[in-house]
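Please keep the sequence at hand while reading the points below.

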Amino acid sequence: MQSVRPHPRGRAGRLLLAAALVAAGGTVAVAAATTVPAPARAAVALNDSEVTANLWEWNWTSVAAACTDQLGPAGYGAVQVAPPQESVKLPASADGAYPWYEVYQPVSYKLDSRFGNRQQFAAMVTACHDAGVRVYVDAVVNHMAGTNNPAGTRGYAGTEFSGYSYPAVPYGNGDFHRPGDNCPTGGTISDWNNESQVTSCELLSLSDLYTEKEAVRNKIAAYLNDLIGLGVDGFRVDAVKHIRKDDFAAVLGKLNDTVAEGRRPYVAQEIFDGASNPALQARAYIGNGDVLDFAYAKGIRSAFQGSISALANVPSWNLDAPSANVFSMVTNHDLERDGVVLSYKNGTDYVLANYFALAYPHGKPSVYDSFTWSNRNQSPPHDGTGRVTTTVCGAAWNCLSRTTGVKGMVGWANAARPVKTVSDFTTVNSNVIGFHRGDRAWIGINDSGSATTATFVTGLADGRYCDVISGVATGSGCTGSTVTVSGGRATVTVPANDAVAIHVNARPGASPSPTASPTTSPTASPTASPTVSPGDRIATTFTVAANLAAGQDVYVVGSIPELGSWTPANGVKLAAQGGGTYRATVSLPRSTGLEFKFVKLTAAGAVTWESGANRTFTTPATGTYTVTETFRGDTVTTAVATTFSVTATTVYGQNVFVVGNIPALGGWNPAAAVALSSAAYPVWRATVDLPANTAVEYKYVKKNPDGTVIWESGANRTLTTPAGGTRAVSDTWR
């Protein structure tokens with residue numbers, strides 16, 4: 001569901017027509033959901049990924065199979081599923097179809113819906129967790145079913161209801177914003193910029209819950225806690241604009257921690273764009289969780305149906321909220337039917353847009369899959385009772401999330417996640433672009449009808465990489481095309497209407513790059529090295545702070561072939577990260593002792609070794625390994641990634657910032673303070689690069705929607721950054 005600002009012949013008119021058609025259907029209520037204790041299950045290891053697959057209106061057995069067979073192995077962090085509560089069952093149309101929007105009209109909080117029953121839902125959550133995938137539920141908590149449904153209409157579980165009576169929850173007349181009682185316009189929203197109307201009047205004749213009442217809040221929270229008890233990890237919350245912010249905050253305050261990870265459930269709020277009133281814009285809601293970024297999706301459509309060179313300007317777009325507070329998307333079920341964003345009907349534009357959204361560091365990206373449609377009210381494929389049938393990818397269902405290119409880009413996004421910025425954005429022409437995320441990953445996109453060859457700065461260490469759009473890396477090579485990086489650059493032919501993407505975790509497993517040797521002898525011959533499979537390798541990140549003269553690059557060189565076997569020219573070049581730091585990630589054999597040093601090298605071959613003895617370490621048997629050093633003999637000022645965490649409660653519209661006595665923290669100017677993310681509310685968090693070996697003073701401030709600033713009390717806080725590495729502080733608002 002969504003709210004919009006009406007305009008002639010626009011979306012509002014179409015939805016009001018749809019709402020009128022709902023008069024042919026009805027809904028039923030269900031017994032009040034009670035808080036269910038979390039089942040005792042062993043902790044599961046969930047994928048460390050911010051990417052979500054939105055499998056909209058797939059049934060529970062199909063979602064479970066997708067998690068097991070596709071999403072988990074591809075590295076998705078979460079799956080978003082449709083509303084699971086019992087909804088109204090409207091009369092079937094002449095062709096026997098039941099409209100998709102039924103599921104946004106709850107009649108009870110029973111987990112018995114078009115998609116399956118409670119047992120099937122619980123089994124789906126377990127299967128997804130076992131595959132490493134979190135489960136986010138589309139939660140409908142602003143309203144119940146339409147007040148214009150005819151008498152006698154029931155829900156999918158047979159539950160009865162009428163008007164403002166939902167005895168199965170139970171909700172009665174006093175639990176709703178009723179026309180004439182609470183809504184100043186008599187029931188409908190006439191001014192979409194009037195916060196009182198938007199939060200107290202009915203959206204499309206849907207009975208609006210009186211969320212100011214504690215009893216109503218408790219019942220909503222009980223329903224969400226029931227889902228959490230079954231293992232649900234988070235919620236996409238429908239129609240949040242129509243709930244008062246403090247009411248929703250009160251509901252969130254009643255929720256249990258998640259079963260799998262023991263933390264606050266993730267929240268992504270639907271606040272449809274279009275309001276000119278700041279109180280009704282997405283930024284005003286981030287105190288309660290992330291928000292869906294409609295403006296970003298619309299901007300992507302504009303670029304891919306115009307010139308994708310415009311994607312270089314994303315930082316200047318008027319987006320719904322800062323990246324740290326966004327659940328990003330190319331489309332969703334509301335938008336795709338309005339033609340304001342791309343959809344599967346746009347062919348390669350849609351596919352390439354999803355590649356871009358997975359590559360670009362804005363928000364937590366999602367990939368949308370659902371059923372095909374020829375009219376906006378069309379039902380998903382279903383049986384004779386209206387219940388959705390098993391997903392079969394093809395003519396009736398879209399399955400972009402499991403294609404080779406998209407799964408490859410999920411791995412790309414996971415590899416690039418530590419780097420939140422884009423570097424060397426290259427516009428070859430208006431419809432061919434390329435960029436990289438530090439030393440982690442590079443992508444080139446061609447939204448034109450002709451193949452294009454160009455040379456790009458990749459940021460990656462020299463060597464061969466597998467293109468994850470056309471194939472995967474294996475122990476013997478690449479199933480798709482291969483890209484060779486030399487001097488940090490690659491000359492790549494990007495096929496027409498396609499893309500090429502490489503990252504540090506997708507390299508061929510055989511010679512010439514990389515080969516692996518267990519020996520630590522500087523005289524060992526790389527050509528005598530046995531081949532080691534990718535599973536026997538450890539991604540090892542080298543970071544060094546160094547002062548380089550003009551024409552110099554910095555390399556890591558060492559005792560094994562991957563580090564050049566003590567030959568500087570064959571070592572691994574480190575890419576500039578800013579602040580005098582350089583970094584590269586190398587795939588090294590596991591459980592192996594080795595020696596190494598950093599060197600400076602010019603194009604003419606002049607070598608400057610760092611001073612001191614050889615450095616040494618042993619790669620671990622599993623996981624990853626990180627080396628952070630300063631080039632011995634240099635005096636450098638390095639940047640230290642410093643994470644600020646503060647526990648602070650806020651009222652709606654407030655946000656928390658950190659400000660301090662150095663430029664990186666705004667120089668005590670609140671207008672230049674660093675915004676903290678509320679993703680883990682009530683903990684607000686952000687990571688800032690601060691100068692090394694520096695004493696810093698700082699404080700936290702809260703900013704109100706009108707721009708006024710509230711300083712925390714007490715003396716200035718202080719910290720001293722180390723010579724390198726990272727620093728973290730954890731505070732409580734004073």
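The numbered points that follow concern the disulfides of this predicted model.

1. The count of disulfides comes to four. When the bonded cysteines of the chain are numbered in sequence order, they pair as 1-2, 3-4, 5-6, 7-8.

2. One of the disulfides is formed by Cys183 and Cys201, with an S to S distance of 1.9 Å. The link of Cys183 and Cys201 is right-handed, with 90° about the S-S bond. It connects distant parts of the chain, 18 residues apart: Cys183 belongs to the loop between strand 4 (143-146) and helix 4 (195-200), while Cys201 belongs to the loop between helix 4 and strand 5 (206-208).

3. Cys183 is buried, because its relative accessibility is 4%, under the 20% cut-off. Cys201 likewise counts as buried, at 1% relative accessibility.

4. Cys393 and Cys399 are also joined by a disulfide, at 2.0 Å from S to S. This link of Cys393 and Cys399 is left-handed, with -90° about the S-S bond. Cys393 is partly exposed at 36% relative accessibility, whereas Cys399 is buried at 13%.

5. A further disulfide joins Cys466 to Cys478, again with 2.0 Å from S to S. The torsion about the S-S bond of Cys466 and Cys478 is about -80°, and the disulfide is therefore left-handed. Because Cys466 lies in strand 15 (residues 463-466) and Cys478 in strand 17 (residues 477-478), the pair ties together parts that are twelve residues apart in sequence. Cys466 has 1% relative accessibility and so counts as buried.

Terms used:
Residues numbered from 1 in each chain as written. Predicted model: local features only at pLDDT ≥ 70, side-chain atom pairs only at ≥ 80, totals over all residues. Heavy atoms only, no water. Disulfide = S-S within 2.5 Å. Helix = DSSP H or I, 4+ residues; strand = E, 2+ residues; numbered from the N terminus. Buried < 20%, exposed > 50% of the residue type's maximum accessible area, 1.4 Å probe, protein only.
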